[in-house]
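Let's take a friendly walk through the aromatic contacts of this protein. Please have the sequence and the model open beside you.

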Amino acid sequence: LLRVHNRIIREALTQHSGKEIKHTGDGIMASFVRTTNSVDAAIQMQRTAAAYNQQNPKLPLHIKIGLNAGEPVVEDNDLFGSTVQMSARIVDKAKADQIFVSENIRSICAGKNIPFINKGVFKMKGFSEEPILYEIDWQVGL
């Protein structure tokens, strides 16, 4: 299942000009130069996982994705800082088969016909602000 997960994620990264930063054991941290590429890759990941699950119902793969945009600290081919920390908090709020994104992502993608669903305000460990998170309805148009 881990190999299937890695293949799905890495294929989407390749197709949408994403860069794998590191494997975290149960996921992959990646970066994108263009915010819309991250959204397109996330949608592809969920759709490919759903197609896999239809073919393999006894061993399904469920992915949760969190996206944020900002300026991370870059050092030794790794990313750090509050932008990365917020991304980790966002993915923690998502459940299986969901894509949760920050207000930054939603704002940058305004006018792109991406179906965002306002999920409300969330408390985030280590942050005084309580950001609004949005879910991308990746099943629209299937």
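A charge sits over a ring if NZ of Lys or CZ of Arg is within 6 Å of the ring centre and within 35 degrees of the ring normal. Please keep in mind that the model you see is predicted.

Which ring has the charged end of Arg106 over it? The ring is that of Tyr134, with the charged end of Arg106 5.1 Å from the ring centre. Tyr134 is itself buried, at a relative accessible area of 8%.

Now to the rings themselves. A pair of aromatic rings is described by the distance of the centres and the angle of the planes. Searching the whole structure gives two aromatic pairs, listed here.

| Pair | Centre to centre | Angle between the planes | Arrangement |
|---|---|---|---|
| Phe100 and Phe122 | 6.0 Å | 65° | edge-to-face |
| Phe116 and Tyr134 | 6.5 Å | 80° | edge-to-face |

Let's look at Phe100 and Phe122. Phe100 belongs to strand β6 (residues 99-101), while Phe122 is found in the loop between β7 (116-121) and β8 (132-136), so their pairing ties together parts that are 22 residues apart in sequence. Phe100 is buried, with 3% relative accessibility, and Phe122 counts as buried as well, at a relative accessible area of 18%. The cut-off for buried is under 20% relative accessible area.

The other pair brings us back to Tyr134. Because Phe116 lies in strand β7 and Tyr134 in strand β8, this pair ties together parts that are 18 residues apart in sequence. Phe116 is partly exposed, with a relative accessible area of 21%, whereas Tyr134 is buried.

Methods. Residues are numbered from 1 along each chain as its sequence is written. This is a predicted model: local features need pLDDT of at least 70, side-chain atom pairs count only at pLDDT 80 or more; totals for chains, interfaces and linings use all residues. Side-chain values use heavy atoms; hydrogens and water are left out. Rings of Phe, Tyr and Trp (its six-membered ring) pair if their centres lie within 6.5 Å; planes under 30 degrees apart count as stacked, over 60 as edge-to-face and the rest as tilted. Helices (H or I, at least four residues) and strands (E, at least two) are DSSP runs, numbered from the N terminus. Buried means under 20% relative accessible area, exposed over 50%, partly exposed in between (1.4 Å probe, protein chains only).
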